Amino acid sequence: MTKRLSILLLTVVLMLAFTMGITAEGQKEADEEQNAIDLINWDAPKAAVDRLTGDEYVLPEGWEAATEGVEEIFYFNSGGMGGDPATAKNIELFQEMTGIEVKWAEVSSEILFQKTLNVLVSKDESVHGMSLDSGPYELREVIGAGWAEPMPFWTDEVKAAYPDSIVPALTGDDGKVYATVDTMRSYVFYYRPSWLEAAGVEKVPETWQEVREAAIKTDAWAKENLGQDYYGIVFPAKSYNLLHMLQAGIYSQGAKVVQDGIPSYNTPEGRNSWKYWTGLVRDGAAPEAVLGWTWNDYQNVFSRGKAAMMLGFSTWVNVCADPEKAPAMQENVFGESAAGPIGKGDWAVVQPPKWDASEPDSNRAAFIDFDAFMVNPFAKPEQKAAMLLFSEFKMSKQAMANELIIEGNEAFYPGTYTDPKIREQIMWADPRSASVDTTVMEAFPPGSMKANDTLIEYFGRSAIGKIDPIKALEEAQSEIDGIYR
Amino acid sequence: MKMRNIPDSKFGMLLSLPGLFLLVLWVGIPLLILISVSFLRFNVLEPTQFIGFDNYIHLFKDRVFRNALLRTITFFAGSTLLTFLLAYPTAWSLSRIRKGGTTLRTLVMFPWAVPLIVSGFIWGWMFNAAYGVINHLFVTIGLFESNINFIGQSGTAMLAVVIADAWTRVPFMTILTLAGLEAISRTLYESADMDGADIFQKTRYITLPLAKGPILTGLLITSVFSFRTIDAIFSLTKGGPARGTYVLGMLNLDYIYNYIEFGRAAAVSVYLALICLLIAAVYIYFLLKE
Amino acid sequence: MTVRRGLSNIFEHKATPYVIMAVVLILLLGPIYWTLITSLKTLPEAIKWPPSYIPQDFTLEAYKEVLGRSPVPKFLLNSIIYALVTTTIVTTAAVFTTYALTRYKYRGSNMVLLSFLFIRLIPPISLLLPFYLILRQLGLINTRASVIIYTIYLTYPLAVWMLKSFFDQFPQDLIDAALIDGASRLGALFRVVLPVIANGIAAVAIIAFLWTWIEFLAPFLFLNTDDLKPITVGLYYFVGDETTYWNSLTAGAILAIIPGIAFFMFAQRYIVSGLTAGFGKE
């Protein structure tokens with residue numbers, strides 16, 4: 001009996017010991033480790049803001065000492081490098097400047113956040129930098145957990161030089177900035193003029209109500225004349241990008257989502273937007289297939305010439321303009337070649353619509369999405385220093401100009417856009433810069449990923465008519481409230 | 001030699017020591033940790049705290065968990081059934097084929113070499129709404145009017161993941177069933193033939209009862225595997241659309257890697273293990289019932 | 001009754017098994033065929049509608065693309081390393097364990113055998129979290145060891161369970177005779193038992209190899225750098241955003257399947273006879 005008892009006791013003690021060992025977070029000896037980074041004087045040879053916003057980026061003083069012995073740094077790139085020519089170009093420039101080789105793993109956007117958390121939770125020091133490709137939803141959680149290295153080059157002047165809609169989202173409660181923006185995508189409205197014309201839509205839709213009417217007409221026309229897998233409007237409802245659509249509907253009515261720190265969709269504007277987007281599927285103006293589409297899928301459907309309209313990334317103009325990636329875009333339905341000057345075919349881009357005719361034009365607004373780039377706090381100090389340099393370079397005017405011209409991503413540094421030399425090389429510069437001006441940015445609280453998954457699920461069920469849309473929204477919202485209670 | 005002096009029972013213990021060591025280290029300790037963690041509130045934003053059965057109760061009341069449980073059962077039952085429906089005729093035919101039997105057996109095994117994650121991609125490509133070969137075949141023979149987006153609709157998406165899963169499990173099930181069929185003596189069938197029994201009677205009274213052991217073992221392994229393996233879902237639908245293929249394994253993974261709530265993840269894991277053992281117990285009961 | 005008799009006659013017909021096998025083979029091999037030919041097409045042909053059932057423009061372009069763009073050879077090598085190390089450790093350990101547990105019983109030895117069965121039934125996905133926490137604590141995340149530790153856990157209990165039936169069927173008289181002739185107990189294992197059940201051991205080894213080969217979730221979660229990834233994980237990363245390049249994707253899939261299929265062609269005799277003996281006589 002005593003033997004059994006002692007075995008039992010031993011088991012319990014072992015369990016406790018292991019659990020405590022596993023759950024206890026190791027204290028870091030932070031003081032000594034910071035040294036390498038402290039060797040860098042971010043305000044020399046000139047102020048950080050001047051180093052960053054000049055036509056050519058200048059490395060800060062002391063960088064060589066801080067990164068001594070670092071031969072390569074490694075980070076998670078969002079998606080394939082083949083799709084990021086500007087990033088590749090910037091890496092090349094950085095390597096020439098510093099002699100530090102930049103390596104990356106291609107991590108698809110569907111699993112990027114998982115893998116990033118994976119690295120942080122396990123304090124793996126082999127990955128030195130990482131990007132969060134839906135920064136607005138994910139960043140607060142990561143900063144809150146203490147999983148990002150503060151970026152000392154964010155001086156007050158630097159903060160002032162970058163968009164004040166986004167910088168707060170990168171800032172922690174302690175006032176330090178923990179991330180930089182890697183790539184940025186605003187939304188613009190895409191349409192195919194020849195389809196609208198053929199379907200009898202007289203003017204380019206300016207409000208979401210007009211979009212809906214046009215979508216029903218073009219869908220009917222396309223089904224009759226082109227085939228069953230041609231659609232009026234397409235959007236993504238599989239991934240968190242669905243939220244961007246809902247947000248566009250809400251922002252276009254002049255409202256916001258986050259209220260008292262909780263994402264709130266069950267508001268008058270939220271209900272309008274929810275009914276609108278589920279209605280597009282229920283009325284057949286958008287196919288049920290949208291439920292299985294990510295950002296990549298639906299925009300590909302449009303650029304392959306299978307849809308009349310979409311609210312798409314401003315960056316997608318580069319895909320549409322490329323005859324290889326989007327062969328159908330160069331010809332219109334009347335059989336004529338629509339290829340005009342570079343970037344023009346049978347497609348066009350305008351600012352996002354406003355809700356209805358009563359709204360002011362300043363509400364032609366959508367969400368702005370960005371990839372946040374962070375440095376792994378668990379990496380070795382020299383590697384962190386090297387990664388900080390790389391992050392700094394990535395947000396400089398020089399690097400941003402490459403993003404804008406080569407890849408078509410919006411520029412995080414606004415001065416890039418206003419530089420006439422750069423602007424003339426950009427396709428559709430007017431609607432794009434207009435959409436950046438009206439764009440709305442909100443930072444979402446921790447737990448948003450779970451909230452998003454809930455919304456995506458309820459959206460899907462109500463879009464196929466399994467549940468009444470408003471009832472679905474109410475249930476979704478009460479589950480979201482439950483997360484934050 | 002010293003070894004010789006060790007009594008048999010000690011020898012057995014010594015020799016199986018590495019195995020025991022693995023057993024304790026590899027399974028015992030993780031299991032203990034799993035159970036301990038399931039009683040904690042353990043995430044990154046709040047301090048870690050003992051909360052008793054709260055995680056279990058929360059999950060039990062959670063709609064997402066209950067739906068996932070339902071989907072899991074649909075998924076594993078569908079996969080097991082489909083596997084058996086394909087494997088049994090295959091094994092039966094193989095047991096009757098003499099000429100070219102070896103080649104056929106090798107060919108039947110090919111899908112086994114396909115990692116489930118790859119199976120998901122393959123079927124995803126074949127089910128593709130725009131270019132998929134299955135759509136083309138069905139439209140050509142007039143079964144569908146136009147292309148169907150299998151992966152994008154809740155009902156058909158479940159069917160698609162079941163097919164992708166079962167496809168790789170058929171070979172294993174076939175071999176086991178075949179083993180059972182070949183162990184049955186020919187003379188039994190011959191005497192049944194003389195009594196004028198038809199094939200249904202022979203299957204009912206000879207084949208199934210006598211091959212029961214291997215078939216049930218195969219079904220057990222197939223069920224337990226498809227119950228817990230989410231690779232095909234992971235690469236085909238990621239749980240969508242509208243969580244139509246969202247099984248417990250996906251929920252577990254989300255708690256670990258998207259929501260970072262380890263306590264909840266552990267509780268899901270424990271539920272998962274318990275249900276798996278329950279399924280196994282049912283089979284083993286039938287296997288030993290005699 | 002006549003319908004039933006008629007059906008019965010159809011099933012009993014000599015040709016029926018061949019007809020069934022033809023249908024089954026189309027279902028089982030069709031997807032592999034389709035993957036193979038897609039990988040041999042150019043991209044425009046791969047996404048042509050209606051699809052072509054035989055490549056018109058036979059090309060190895062997709063393979064060049066896959067092999068040139070991502071470190072697929074390295075991924076394959078990693079897979080082989082994981083599979084071979086796991087197989088060696090598991091098969092060796094399982095032979096000793098099973099020999100001891102079936103032939104030299106001690107108090108509790110049956111309990112141990114039963115626990116192996118029990119372990120096989122615990123879903124590995126349930127233990128992912130504790131494994132992850134332990135590996136993190138030991139600093140083993142993103143190392144080869146992390147994957148091998150996990151795959152050993154995955155394959156070892158089944159190896160013991162399968163080997164058990166081979167050892168059970170082996171006549172005790174032969175072992176006793178060897179022992180009387182002066183062989184040691186281990187000597188009897190090596191010289192008398194192993195040569196006879198070699199088929200079974202080969203089957204167990206092959207299954208351990210395959211199970212490691214197809215494992216995805218654990219290496220996906222434990223590994224971060226390209227240098228360590230096995231092909232299943234490498235392929236997943238590779239395809240992520242490139243789902244539109246179906247010819248390259250299918251080429252990657254074929255590369256991931258080929259080693260397994262080669263294994264079956266080479267060793268199918270052992271697998272069938274091994275599994276048949278292992279599970280056929282429960």
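Which residue forms a salt bridge with Asp229(A), and how far apart are the closest N and O atoms? The partner is Lys306(A), at 3.1 Å. The legends below describe close-up views of a predicted model, in which local features need pLDDT of at least 70 and side-chain atom pairs count only at pLDDT 80 or more, while totals for chains, interfaces and linings use all residues. Residues are numbered from 1 along each chain as its sequence is written, chains are lettered from A and ligands numbered from 1 in the order in which they are written, and side-chain values use heavy atoms, with hydrogens and water left out.

View 1. A salt bridge is a side-chain nitrogen of Lys or Arg within 4 Å of a carboxyl oxygen of Asp or Glu; the count over all chains is 33. Helices (H or I, at least four residues) and strands (E, at least two) are DSSP runs, numbered from the N terminus. Asp229(A) is partly exposed, with a relative accessible area of 22%; buried means under 20%, exposed over 50% and partly exposed in between (1.4 Å probe, protein chains only). Lys306(A) also lies over the face of Tyr230(A), 5.1 Å from the ring centre. Such a charge has NZ of Lys or CZ of Arg within 6 Å of the ring centre and within 35 degrees of the ring normal.

**View 2. Salt bridges between chain A and chain B.** Arg243(B) and Glu457(A) meet at 2.6 Å, N to O. Arg243(B) lies in the loop between helix 12 (231-236) and helix 13 of chain B and Glu457(A) in helix 22 of chain A, so the pair joins two chains. Arg243(B) is buried at 9% relative accessibility, and Glu457(A) is buried at 2%. Salt bridges with shared partners join Glu457(A), Arg461(A), Glu479(A), Arg63(B) and Arg243(B) into one network. The charged end of Arg243(B) also sits over the ring of Tyr246(B), 5.0 Å from its centre. In another salt bridge, Lys450(A) meets Glu261(B) at 3.1 Å, N to O.

**View 3. The aromatic pair Tyr75(A) and Phe373(A).** Rings of Phe, Tyr and Trp (its six-membered ring) pair if their centres lie within 6.5 Å; planes under 30 degrees apart count as stacked, over 60 as edge-to-face and the rest as tilted. The count is 64 aromatic pairs over all chains. Tyr75(A) and Phe373(A) have ring centres 5.6 Å apart and planes at 70 degrees, so this pair is edge-to-face. Tyr75(A) is in strand 1 (residues 72-78) and Phe373(A) in strand 10 (residues 368-375) of chain A, 298 residues apart. Tyr75(A) is buried at 0% relative accessible area, and Phe373(A) is buried at 0%.

**View 4. Surroundings of Phe235(A).** Phe235(A) and Trp154(A) have the most contacts inside the largest nonpolar core, which has 368 residues. A nonpolar core is a set of buried Ala, Val, Leu, Ile, Met, Phe, Trp, Tyr and Cys residues joined through side-chain atoms within 4.5 Å. One aromatic cluster includes Phe235(A), Phe189(A), Trp208(A) and Trp355(A).
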